[in-house]
Amino acid sequence: MLEMTQHLPYSLLDLSPVPEGSTAQDAIRNTIDLAQHAEGWGYHRFWLAEHHNMPGIASAATAVLIGLVAQATRTIRVGAGGIMLPNHAPLTVAEAFGTLATVFPDRIDLGLGRAPGGDGAVVRALRRDPMADSFPQDVVELLDYLGPERPGAAVRALPGEGTNLPVWILGSSTFGAQLAAHLGLPYAFASHFAPDELDRALAIYRARFRPSPWGSKPYAILAANVFAADDAGEAAYLRTTMQLAFARLRTGQPGKLPRPVRDIDAEIGAGMRQAVDHSLRISAVGGRAEVEDQLARLVETYRPDELILTGQIHDHAARLRSFEIAAEAASGLALQQAA
């Protein structure tokens, strides 16, 4: 039996998309504009993600963009969803985010991912060892740098130490769930594009969570796509941009964010569309009532502590309207807890 309790926080994940016919400069300007609107619409966090070698994504230098967004807003939390830690030395991440946390106290989040955020060429360009996997050890090292001051330590993150910056584990499998539970960290699942392990990952995280200085109880974020419009047909039309982009990525043809199409099956074929829809099934599509109903069902099913909404939409004005409607829908949701 479930019991309704307090309001469910809702946040926003942005990839700073570069639509066809525009530039990275346009994308960054639009990201800042979206963040300013999101703050007014009641979004709790505004996260950006590290990707490399992607013509359609302008958030490669994630910490830099986080600083620009934080400077242009006043109260919304701004952070990484996430930094791909294997690409960086933990010390450099601690210094960059420690600097952000010093300039914008109690507003910066640091989500950590295990993937490279790019292909094999990117791995080589970043001077990574493709066979190395020290993610758990690197997370612990990073936590040490950001935790209480260590005057006698041989290496210190300055600025960084003493900020106790919130650190999140991001994942799309049970690996991240186990690590987050073991370290007592909050956890965000990438269900917006890789939902297959969602049930198992959340169950493992909640069952195995060990209280720590970073958290006394499990805290899980569910990621969901939202394509909202004043008309349900228009929302479905807007969604075709992400369906088409996902299909192109799967077939090794990444590019700028495509324009929507009226007949998605004619563009990518019914079989590919079904495969894409399977990966993107944690989504809400339609007008406000439909979106609220679909989000409510996701919350009832998975009982997240927070929702983070995303959605790749070609037209910036339509993207703003989609997230505005999504905020109206999400503001009526309540936390679901086991009675």
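**Rings, burial and helix packing**

Student: Buried or exposed: which word applies to Tyr43 and Phe323?

Tutor: Tyr43 is buried, as is Phe323; buried means under 20% relative accessible area, exposed over 50% and partly exposed in between, with a 1.4 Å probe and protein chains only. The model is a predicted one, in which local features need pLDDT of at least 70 and side-chain atom pairs count only at pLDDT 80 or more, while totals for chains, interfaces and linings use all residues. Residues are numbered from 1 along each chain as its sequence is written, and side-chain values use heavy atoms, with hydrogens and water left out.

Student: How many aromatic pairs does the structure hold, and why is the pair of Tyr43 and Phe323 called edge-to-face?

Tutor: There are 7 aromatic pairs. Rings of Phe, Tyr and Trp (its six-membered ring) pair if their centres lie within 6.5 Å, and planes under 30 degrees apart count as stacked, over 60 as edge-to-face and the rest as tilted. The rings of Tyr43 and Phe323 have centres 6.4 Å apart and planes at 85°, so this pair is edge-to-face. Tyr43 lies in the loop between helix H1 (24-40) and strand S3 (45-48) and Phe323 in helix H12 (residues 316-330), so the pair ties together parts 280 residues apart in sequence; such helices (H or I, at least four residues) and strands (E, at least two) are DSSP runs, numbered from the N terminus.

Student: What makes the pair of Tyr187 and Tyr205 tilted?

Tutor: Their rings are 5.2 Å apart, centre to centre, with 40° between the planes, which is the tilted arrangement. Tyr187 belongs to strand S7 (residues 187-189) and Tyr205 to helix H7 (residues 198-208), 18 residues apart, and the pair links these distant parts of the chain.

Student: How do you know that Tyr187 and Tyr205 are buried?

Tutor: Tyr187 has 0% relative accessibility and therefore counts as buried, and Tyr205, with a relative accessible area of 0%, is buried as well. Ring pairs also join Tyr187, Phe189, Tyr205 and Phe209 into a cluster.

Student: Why is H3 called oblique to H5?

Tutor: The axes of H3 and helix H5 (residues 135-146) come within 9 Å and cross at roughly 40°, which makes H3 oblique to H5. Angles under 35 degrees count as roughly parallel, over 145 as roughly antiparallel, 65 to 115 as roughly perpendicular and the rest as oblique.

Definitions and conventions:
Axes fitted to C-alpha atoms, helices over the stretch in contact; angles between N-to-C directions.
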